Amino acid sequence: MSSALEILRRDFGGTVIEPGGAEYDSAARSVVASGSPAYVLRPESVADVRAAVRFAAAARLVLSVRGGGHGFAGFGTNDGGVVIDLGRLANVEVVDKERHLVRIGGGATWGEVATALAPHGLAISSGDTRSVGVGGLTLSGGIGWKVRKHGLALDNLVAAELVTAGGEVVRASAGEDPELFWAIRGGGGNFGIVTAFEFAAHPTTDVFHGRITFPPQEAATVLQGWADHLRTAPEELTSIANVANPFAGGPEGPVEILVTFDGDDPELAARAIDPIRRLGTVIDDDVAPIPYADTLVEGVTPPPGIRFATRSAFAGEESVPAVLAVLAEARAAQGAPFISVRSVGGAVSRVPDDATAYAHRRAELMVVTTAVGPEPALEAARPALDAIWDRLAPHVEGAYANFLASATEEDVAAIYPPRTYRRLAAVKRRYDPGNLFARNHNVRPR
């Protein structure tokens, strides 16, 4: 350990934070998890990332890689190991104006990206929170406010620069190591640390964005009508349905339909959104044109001790009625979790199943449940949560890695079907045979 630490201090040009240091308490935790790592390393360059990886490997310490730190499973910190915090590698640069090619540092957040691209009239379909990291979201999917029109964030990735477990720098694209490029688009952080992403952005205008709410007792009809409309709606329309939102009244709160229409034509927007308005008794409607960057909300860091129990799964068209019937009933129960249903389909489903390691192309909806509180409260809530998912089980499949608070073998099997997993494991063996990058939904080397 001492020799490895000496080499780190010689080769590493960033900041080394250890227990007892002035910044340690804040540096040790991620947004949703507390930890007590032995070292938090904040690299200033790719060379620093290489030195940090080599140190973790030589010292045989658990390694966490932190981008935005929002991962529900708490991968961005650990106890007694090394955290590589990429937050200083956050440059956003338009490198090819004609092709709208954008190079983004591995530690950037989507808020930084949206702000940097707005003056160029460009956007990348990403998540919905400003402080979420580009890396974590992209490597496992990226379901955002333009997903039906422009696909997942990873569908817009054209190349990436990685530091491997051996501390080497490699580049992955369709023409340079296409198998690694396939793997990082859905396979998470299993294969290395992405220090730079290259995306194909798209021209953007203002978008119509906002929330339409309905009485809670109309949940069944509104949800079913909403899903029916999204099946044939213009792909410019992406939408989320929320029920039992704890910040809006929980089980007594309204049905919330959030919409984004990707365009600034009021007539086309109305044509796409008005059928939703006609689904029930509208309580409130604040849909209005806003800059795309303003659709991203500020993230909230919960106080220490607060945990998340988040689960997700996908529903195909034939299962949608049964899934929504279960959720409409479950949302009214005392202590119901926050239930969110996201529209997918569109551009996502036009990508061949085996084109990337993201394995759920045919899904029409993604279902997410979230309970929040201290650990004793979550333990008390688990029977009710399990009961909901037991009822959903015959009608849903898979899981979305970015909305999972656990990383069990069952979770990994849900994210990656057997054929996808076997192919990922072969790539893993090539780039990380010792499984240094194991703090993730882990694919073990074959």
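1. Strand β8 (residues 157-163) pairs with strand β9 (residues 169-173) in the antiparallel sense, over five bridges; strands are taken as DSSP runs of E with at least two residues, and helices as runs of H or I with at least four, both numbered from the N terminus, while two strands count as paired if DSSP finds at least two bridges between them. The model is a predicted one, in which local features need pLDDT of at least 70 and side-chain atom pairs count only at pLDDT 80 or more, whereas totals for chains, interfaces and linings use all residues. Residues are numbered from 1 along each chain as its sequence is written, and side-chain values use heavy atoms, with hydrogens and water left out.

2. Within this pair, Leu162 has Val170 of β9 as its bridge partner, and Glu161 stands opposite Arg171, also in β9. The two strands form a hairpin with five residues between them, and Gly167 in the turn has a positive phi of about 80°.

3. A second open sheet has four strands in the order β1-β2-β4-β3, and its pairing is mixed. The edge strands, each pairing on one side only, are β1 (15-17) and β3 (63-66). β3 runs parallel to strand β4 (residues 82-85), to which four bridges join it, and Arg66 stands opposite Asp85 in β4.

4. The axes of helix α8 (residues 219-232) and helix α9 (residues 266-277) come within 9 Å and cross at roughly 160°. α8 is therefore roughly antiparallel to α9, a term used for angles over 145 degrees, with those under 35 called roughly parallel, 65 to 115 roughly perpendicular and the rest oblique. Trp226, His229 and Leu230 in α8 meet Ala272, Pro275 and Ile276 in α9, where contact means heavy atoms within 4.5 Å.

5. Leu296 is placed in the loop between β16 (288-290) and β17 (306-315), and it is buried, with a relative accessible area of 5%; buried means under 20%, exposed over 50% and partly exposed in between, with a 1.4 Å probe and protein chains only. Not counting residues up to four places away in sequence, Leu296 touches Trp110, Gly111, Ala114, Ser126, Gly127, Asp128, Thr129 and Arg130. The C-alpha atoms of Leu296 and Trp110 are separated by 8.2 Å, although these residues are 186 residues apart along the chain.

6. Ser319 lies in the loop between β17 and α10 (320-330) and counts as buried at 13% relative accessibility. A polar atom of the Ser319 side chain lies 3.1 Å from the backbone oxygen of His395.

Technical notes
A polar contact is a pair of N or O atoms within 3.5 Å; within protein, one must be able to donate a hydrogen and the other to accept it, and residues adjacent in sequence count only if both atoms are side-chain atoms. Axes are lines fitted to C-alpha atoms, for helices over the stretch in contact, and angles run from 0 to 180 degrees between N-to-C directions.
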